[in-house]
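Work through the exercises below with the sequence and the model at hand. Each task is followed by a solution in steps.

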Amino acid sequence: MDSATSDHPPLPERRERRIPLGGNADNGLKIVVVGGFGVGKTTMVRSVSEIRPLNTEEVMTQAGAGVDDLSAVRGKTSTTVAFDFGRISLNEQTVLYLFGAPGQERFWFLWDRLFAGTLGAVVLVDTRRLADSWYAIDRLEQHGTPFIVARNDFGGPPHTQQQIREALDLPAHIPLIDCDARSRESSKQVLITLVEHLHALSTTGRPVQETTSP
Amino acid sequence: MSRPGRDEDPDRLYTLTGGRSRAGSAAAAFDLVTLVVSESEPTAGMQSEHATILRLCQYPTAVVEIAAELRLPISIVKILLCDLLDQGRITARHPRTAPATPPGARTAIAATGTGGPVPHAAPLPDPHLLEQVLVGLRNL
């Protein structure tokens, strides 16, 4: 609805390129891309985002109790976790925010605070460092957050999907796909695969848990 | 640099929020992706962060975008937003993802938890919403 020319108020410094949402936007959704350092989270977010990825942060206490008590911010006991995000306007009302989240342990203290209500997650893996993803997959399963696994192609030695599934101990009902995070089309396909998976879950109920007693 | 920055003294953050130690339930209502819309113009003498938020939110702007623009932690921004909400200077459009009534299948799963922990409690999103998301993604 807005033309390229704008009458936005003058904003200082780097903000001249900020692209506002349309006035009717009223529903923000979240998808989280989880993975180890250097696996391509920000690359994937950048590939599909309509804005240059932004970075922000949250503070937490060392105990992981959260940040309701801002007096903790004053002390040395607080640490920050930073994360990137991008944005995709899906239609006039609905806006999807994509978050790139590091998979390391301390981040999970903030998962509920930051990502409660997320539609689902993409676990981005590098086959040269599959072990980096174990922790994230465990935590997502514990949280009951639906997810898929996407293998970012770094041109390493080929592995079969079955080899990767076994290395990740990934149940058969969780989609595993290959992608190139640098490619908009490929990254878009990753998101579509996730949302199709979510749709199947939401219409047919969750797949039977493997942990049910015999 | 005149804007508050992430490397700034924590005391500065403390001052920004008037030293309040708790954001309360109102701040908890703000999600990362709650879209904030200004309902008034900045006024003279207003705290600069409040004024910046009002300018940013002339168009709907997510909490996380506000935090990135202000270069402040999310929790600090939520407190600032609560101030503005209390004053009627902004409105908040909170995310809507969950179905109005949970599917029976999920209720059944929850009910049959026999001893073992049932880890997942979050409702799955509304299928119709997911269909809209798919349409939007395919049109990218």
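**Exercise 1: a helix pair**

Helix H3 (residues 48-56) of chain B packs against helix H4 (residues 63-70) of chain B at an angle of about 125°, and their axes are 11 Å apart. The model is predicted, so local features need pLDDT of at least 70 and side-chain atom pairs count only at pLDDT 80 or more, while totals for chains, interfaces and linings use all residues. Residues are numbered from 1 along each chain as its sequence is written, and chains are lettered from A and ligands numbered from 1 in the order in which they are written.

Task: Classify the packing of H3(B) and H4(B), and say which residues make the contact.

Solution. 
1. Axes are lines fitted to C-alpha atoms, for helices over the stretch in contact, and angles run from 0 to 180 degrees between N-to-C directions. Helices (H or I, at least four residues) and strands (E, at least two) are DSSP runs, numbered from the N terminus.
2. Angles under 35 degrees count as roughly parallel, over 145 as roughly antiparallel, 65 to 115 as roughly perpendicular and the rest as oblique. H3(B) and H4(B) are therefore oblique to each other.
3. From H3(B), the contact (C-beta atoms, placed from the backbone, within 7 Å) takes in B:Glu49, B:Thr52, B:Ile53 and B:Leu56. H4(B) supplies B:Ile66, B:Glu69 and B:Leu70.

**Exercise 2: a strand of chain A**

Task: Is strand S1 (residues 27-35) of chain A enclosed or open, and with which strands does S1(A) pair?

Solution. 
1. A residue is buried if 20 or more other C-beta atoms lie within 10 Å of its own, exposed if 12 or fewer, and partly exposed in between.
2. Nine of the nine residues of S1(A) are buried, so the strand is largely enclosed by the rest of the structure.
3. A:Asn27, A:Leu29, A:Ile31, A:Val33 and A:Gly35 point one way, A:Gly28, A:Lys30, A:Val32 and A:Val34 the other way.
4. Two strands pair if DSSP finds at least two bridges between them. S1(A) pairs with strand S4 (residues 94-102) of chain A in the parallel sense over nine bridges, and there A:Val34 has A:Ala101 as its bridge partner.
5. Strand S5 (residues 120-125) of chain A also pairs with S1(A) in the parallel sense, over four bridges; A:Ile31 stands opposite A:Gly120.

**Exercise 3: a sheet of chain B**

Task: Which strands stand at the edges of the open sheet of three strands in chain B?

Solution. 
1. The order is S2-S1-S3, with antiparallel pairing.
2. Strand S2 (61-62) and strand S3 (90-93) of chain B stand at the edges, each with a single partner strand, so one side of each lacks a neighbour in the sheet.

Notes. Contact = placed C-beta atoms within 7 Å.
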